[in-house]
Amino acid sequence: MRASGGEWLDSIRRRAARPRPGWTRRPARALTGCAALLALGWPVGPAHAAAPGLSDSQRKEAEFIYFDRCSGCHGALRKGATGPNITDEQMLKKALPELEKTIYEGTDAGMPGWGRTGEMTRDETALMAKFLQNPVPIPPELGLEAMRASHKVHVPIAERPRKPEHKRDIDDLFGFILRDVGKGAIIDGKSKELAGIVDTGFAVHIFRASATGRYFYTIGRDGKVSLIDLYEKKPQVVAEVRVCLDARSVDVSKYKGPKGDFVDKLAIVGCYWPPQMVVLDGQTLEPMKVISTRSSTYDTNEYHPEPRVATIVASHADSEWVVAIKETGMVWLVDYSDLDNLKMTQIAAERFLHDGGWDATQRYLLIAANMRDQMVVVDTEEKKFITKFETGIKPHPGRGANWIDPEFGPVSATTHLGEGLIVVYGSDPKGHPEHAWQIVREAETAGPGLFLKTHPKSNHIWTDATLSKEEGANQQICVFRKEDFEAGPNCWQATEHGKIVHFEYNKAGNEVWTSVWDKQGEIIVYDDKTLKEKQRITGDWLVTPTGKWNVYNTVHDIY
Ligand code: DHE
């Protein structure tokens, strides 16, 4: 029988306290927080006779690697989403050397080659091949009581400063993820100085800023949320709580209107496992309500046991979070004005919803259904599905990019995981109905990429090619000009090591910051007008920098 979240945490504590013969810990990667708990083992069903044997310690090591590198695309239950179904029934159809090769080399469909990129050794890829032929371990649930056990308020509200205790411009601070060390760096957008480093969850996925910009929220892959107070002399984690065992998204309440003032009042976390969202007090992170996402697929109406929460955006015009549910293909508009009498609008969209953001008017959610090669449009004012259309192989817009095209008016765009392609489509159904949700331009980038970014004050659109397998291509940046998109991009090699990933503008909209994603990482700051490098931030603290967020742009959803 499976343990409940609370019993499970207790049993983990008991087991963790015992000496563990045969427990092998990987020296290069310290297991922290929930990752360490996960590695202690999930209940597992009986193995098929043909499944290769694994020792206890091998199984635990494989479970951790699976959680760290694989579950995001294939799901905790291995039923597939961005990646295919890799349950033991499917994997036993393949020979072990074939599986090992795929894990080591990657695939043309976009799976990274974990051995090729140095993230797994030969022994580890061999171990993972065997693990995949064994039955899927079922992770436990996590309810309010167990969440509350991990809740800590380090600085009570009454003891927090009433105004900033420093001279920095809070609106121009940047939050940077230091992925592999479970930390976040806060950097001053003006002086480029490091304002402070804070401990966060494991492999933090995103930062979001509170509606006033005073706080940053981070969400770790292990489901730990950290609340960082930017008023403190040095940025400091003032509260934390673990509300999922696997997570990617967090957002805040931004609405101030007739239904109440919710500025800096609430936060929401989207979990991958357990499949649920959790509403928290915005100032203390006390967990308040759990909303399960287990439900039926939008099209066949079949029950799905693991509908994961992908993108969340916060409405500026209503007391609503717009929540994308990946496996069932639904967008849920969650009205947070009355949590006891919760109202939700459930909009059928498309399966495998992943990442997205607002159009320029902040009325339409533009989100990728990446395994369907489509972009989906949802109208949050009329609260209904508008349309979906194919763009290319696995669209991946991040938050997206919105600008005014000289010929087609307001447009939006996406890059793609599966090919080096930027696709531009009309996004102004009022002013330019003939182009709305139609592809108007497309062009090649340096290779399959993850993110693009622009700013209303800029003439440029920046793209990365992080997933490219061609020598050096993932170290390139390609920039398109809004006023002459058809001229093609200006591309250059930005680094000799690591990969270029993700862009963010400063508050003024005249600088672009990007990461060199490497164990010895760097931040490159470009002048957006001249495209010249202005500064390179380095330091031994810059370990695997990935995403970055400017406070002002994140509060106001400028992209
Ligand atoms: Fe992300 C956004 C999920 C891999 C960096 N990523 C998101 C969002 C989701 C998601 C659901 C949208 C959050 C929101 O807006 O509320 N990402 C996943 C995965 O499931 C996936 C494919 C595999 C995994 O195991 O995590 C994955 N993502 C990655 C990476 O490998 C990246 C490059 C580095 C990392 O953290 O592992 C990465 N994802 C990011 C970033 C954003 C993001 C920087 C936010 C973009 C923004 O501009 O806000």
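Start by selecting residues 56-74, which make up helix α3. Keep in mind that this is a predicted model. If α3 were straight, its 19 residues would span 27 Å at 1.5 Å a residue, yet its end C-alpha atoms are only 23 Å apart. Where does α3 kink? Click on F67: the kink of about 50° is centred there. Now bring back the surroundings. Of the 19 residues in α3, 16 are buried, so the helix is largely enclosed by the rest of the structure.

Next, jump to residues 246-252, strand β9, and pick out D251. Is D251 buried or exposed? With a relative accessibility of 2%, D251 counts as buried. Show side chains here and look for R399: its side chain makes a polar contact with the side chain of D251, at 3.5 Å. Leaving aside residues up to four places away in sequence, D251 also touches others, including R208, I312 and W321.

Last stop: the open sheet made of four strands, in the order β21-β22-β23-β24, with antiparallel pairing. Select 353-358 for β21 and 384-390 for β24; these are the edge strands, each pairing on one side only. Then zoom in on β22 (residues 364-369) and β23 (residues 374-379), an antiparallel pair joined by six bridges. To see a bridge pair for yourself, select L366 and its partner in β23, V377.

How values were computed:
Residues numbered from 1 in each chain as written. Predicted model: local features only at pLDDT ≥ 70, side-chain atom pairs only at ≥ 80, totals over all residues. Heavy atoms only, no water. Helix = DSSP H or I, 4+ residues; strand = E, 2+ residues; numbered from the N terminus. Expected span 1.5 Å × (residues − 1). Bend = angle between axes of the 7 residues up to and from the residue. Buried < 20%, exposed > 50% of the residue type's maximum accessible area, 1.4 Å probe, protein only. Polar contact = N/O pair within 3.5 Å; in protein donor to acceptor, adjacent residues only side chain to side chain. Contact = heavy atoms within 4.5 Å. Pairing = 2+ DSSP bridges.
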